[in-house]
Structure formats: structure tokens, C-alpha cells
Amino acid sequence: MFIRLMAAALAASVAIPAVSANATDLEVTHWWTSGGEAAAVKVLADNYNALGDNKWVDGAIAGAGSTATPLIVSRILGGNPMGATQLNTGRDAEELVKAGLMTDLTDLAEKEHWKDIIRPAKLLDACTYQGHVYCVPINIHSWQWMWVNRHVFEDNGLKVPTNWDEFAAEAPQLKAKGIVPLATGAPWQVEGIRSVMQVGIGGKDLYMAINDKKSADAVKSDDNKKVWTAFSQARDMVDDGYTGRDWNVATNMVITGKAAGQIMGDWAQGEFGVAKQVAGKDYDCLPGLGYHGLLDTGGDSFYFPKNSNPDITKAQLELASMLLSKETQVKFNLAKGSLPVRGDVDLSAANACMKKGLEILKTPENVLPGTTQMLTPDTIGQLQDLAIQFFSSKMSVDDAIAKQADIISQAQ
């Protein structure tokens, strides 16, 4: 809907600008601006520049994907495309692809055998439309993680929790000591907590029934009521100043001991890495909230908007190829805290939490599609609005479930 509205508004008023005189400069837009993310971006830029033919021109956009994606889309629709752009793996660029605004990467994908090296296959499927490939998945990011500061518990004579119930049981004692039990922030982070609980508390069948099959009956089930009950526990654990907080600021609260834990995707590992924190010593990670060894396979992909300059098109294809090279996959993902999309790379340097993730991914039944692969941005936005309404009010669990059922029943 957003793309159609923007297209109507911009089509008659925005002229296509002239191509840059320096055709080997490739502007790359992304929203990776935290400490860990910046270190990962530097890997990509350095590796690309080292090829010698082209130059990475950084186009960082402050804020999360919810802020950056509309800006990226409006530029493409307005005839001022960047050379390449990060977007979530999934349906974020679906309408842009259908409108013929993205470069077709099929020939490169076939030449380099992407079908054979990218795993799970769902990631490449998410980049494919009518048999043609339009993006490069660069990593596997999963939301299904909780991060806890071991020292907060140990120093206060508490057991380091191994699951959500243990964490929730100790939350009142943490609060009494002036420690924020659960750090969070902007609306997308709050919705992330609920979505993680849908898997961690509700299990795989519930997650798929609601997000993939769009079952309102599943929303009204007892299993989903357990999810919202846990979400109401989380509502009581946050501090008054959480609204609008950046995710990496919330992660830093855990790192510094101001908060005990955070439910956040595995990109949080990049922040722990920059802070020289050691997994299993300074912090622990609980995939599936300590219950279900399941990971969704969202992540980041790069798209390459169509361009009339053949030199830029060549530069785009060189970047697309480099993103999947073994060297880039290892260095980038170790810095980012994510998992590589290639299954044939050496990750012996991975930390304890990354190894947990790699072990989970070995079993195909443990791999879930991310919500961005199953739900449209409109539906995700509605669920996010509901989550923040619930979190910032005394809305009952039953009322929240009724509202979620209405959203899912209308989802496409």
C-alpha cells in the first residue's frame, strides 16, 4: 500500500536525475549504525574497495529498518535510486520487484551456483520472483534470542536463568535492587518480544498457524493465551523510560548491568563483541527463551535498483558476487553476530552463542521463516501498533487476543 501511494504521489513530480559522472562510485544505503553494525559494514566496504574497480560510497541511514525502508523506497520510486541497498529478507521489496525496478541477478546466481551454496533454501526463495533472482541474502538473523547479564544475577545471589519462567520469577527481586529486569525500546522492539514469545512460549505449530496460515482460530487458542500472558509479565518488567529507546542502547543496559536481560535478535551479539564481553562468562544467550530450539531465518539482503548506466550495473554485479564470497561471509557475520548463508565456510572462531545457533540450524525442522517472509509490512505494522498499545496500557489479554485475531483474519 505504501509503495502504491508513493508511486502515485511521485510519478508526475520527480524527474530522473542525471547519472553521476563517476560511474564507478556505488552508493550503498543501509541502517547499520550501531557500534557492532558499523564494524560489520566496514568489512563489506573494505572488501569491495579491495577489488580495485569500484568504490563503496556509504549511505547510512540513522534509525531502524522501520525508519529507513520508507526513505529507501521513496528514493527508488522517485527516480533517484542508490546503487545498492540493504533491506530485510522477505516482502519489503515485493512491489518494487513487481514494478520492474530491481536489477535481475538470475544470470549471476546461476553462474555462481547460489542454489547450491545458500542455505536454508528459503532465503534464496525469498529473493526469487517468477523464477528470477532479485536480491542477495547476506546473513541469517534470528529474533529468537534472549540475552542475560550473568554478573547481575551472580552478584546478587540469584541463579542465572535458563528460561523465561526462571527469569520472570527473579524479576521482582531485581526490581527491588533498582535493576531493570527487561530492557527494551522503540515499538518494533516491543513487537519483537511478543513475536519471540509466540515461538518460545507457544511453539512452532502456533507460530506457523498464525503467521503462515493466517488462522484466527489459532490466535484464539489456549497456547496463544499463554503467549499474551507471558507478554503481560514482560510489560511489568520494563522501566518508565523505555519508549523510543534505540535497541543498541537497550543492549548496552544489559552489558553494563543496568538491566538484567533483553529479548532481541542475534545482531545484539555485535554489541557484546565490541564491548569485549565473553559468551558464557559475562553473558548468556537463550534461543527460544530457553524452551524451543527454533530459529527464524530472517536477515538482511541487498537489492540493486535498476540503473541506465552500464558501468554502475557492472559495479552492482561485482558487489553482489562479493557479498557471497567465503571471505566476506566469514568476516562480516563474525562482526555482525549473525550466521552466514553459506554452509561451506569455516566458523571455528564463532563464540558459544553463534555455535548454539549453528547447531540448531543443522536440523531443518528447527528452521522457521521470519515474519517478514510471511506477513506484509502493513500487517506487521498493525501487530506492532497492537503490541505497543498493550505494553503502554492496562489492556487485558483477552482484548489483545481479539484485536490480534481481527488483524490476522484480514492479513494477506
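Two strands are taken to pair if DSSP finds at least two bridges between them; strands (E, at least two residues) and helices (H or I, at least four) are DSSP runs numbered from the N terminus. The structure is a predicted model, in which local features need pLDDT of at least 70, side-chain atom pairs count only at pLDDT 80 or more, and totals for chains, interfaces and linings use all residues. Residues are numbered from 1 along each chain as its sequence is written, and side-chain values use heavy atoms, with hydrogens and water left out.

Five strands form an open sheet with mixed pairing, in the order 2-1-3-13-6. Strand 2 (55–60) and strand 6 (135–137) stand at the edges, each with a single partner strand, so one side of each lacks a neighbour in the sheet. From one strand to the next, the twist averages 25 degrees. Strand 6 runs antiparallel to strand 13 (residues 300–303), and three bridges join them; V136 stands opposite F302 in strand 13. Helix 3 (residues 65–77) packs on the sheet, touching strand 1 (25–30) and strand 3 (84–88), where contact means heavy atoms within 4.5 Å.

Backbone geometry was examined in the loops. Most residues other than glycine have a negative phi, and most peptide bonds are trans. A cis peptide bond, with omega about -5 degrees, joins R119 and P120; P120 lies in the loop between helix 6 (114–117) and helix 7 (121–125). Phi is positive at Q130, near 50 degrees, and at L289, near 60 degrees.

Key. Axes fitted to C-alpha atoms, helices over the stretch in contact; angles between N-to-C directions.
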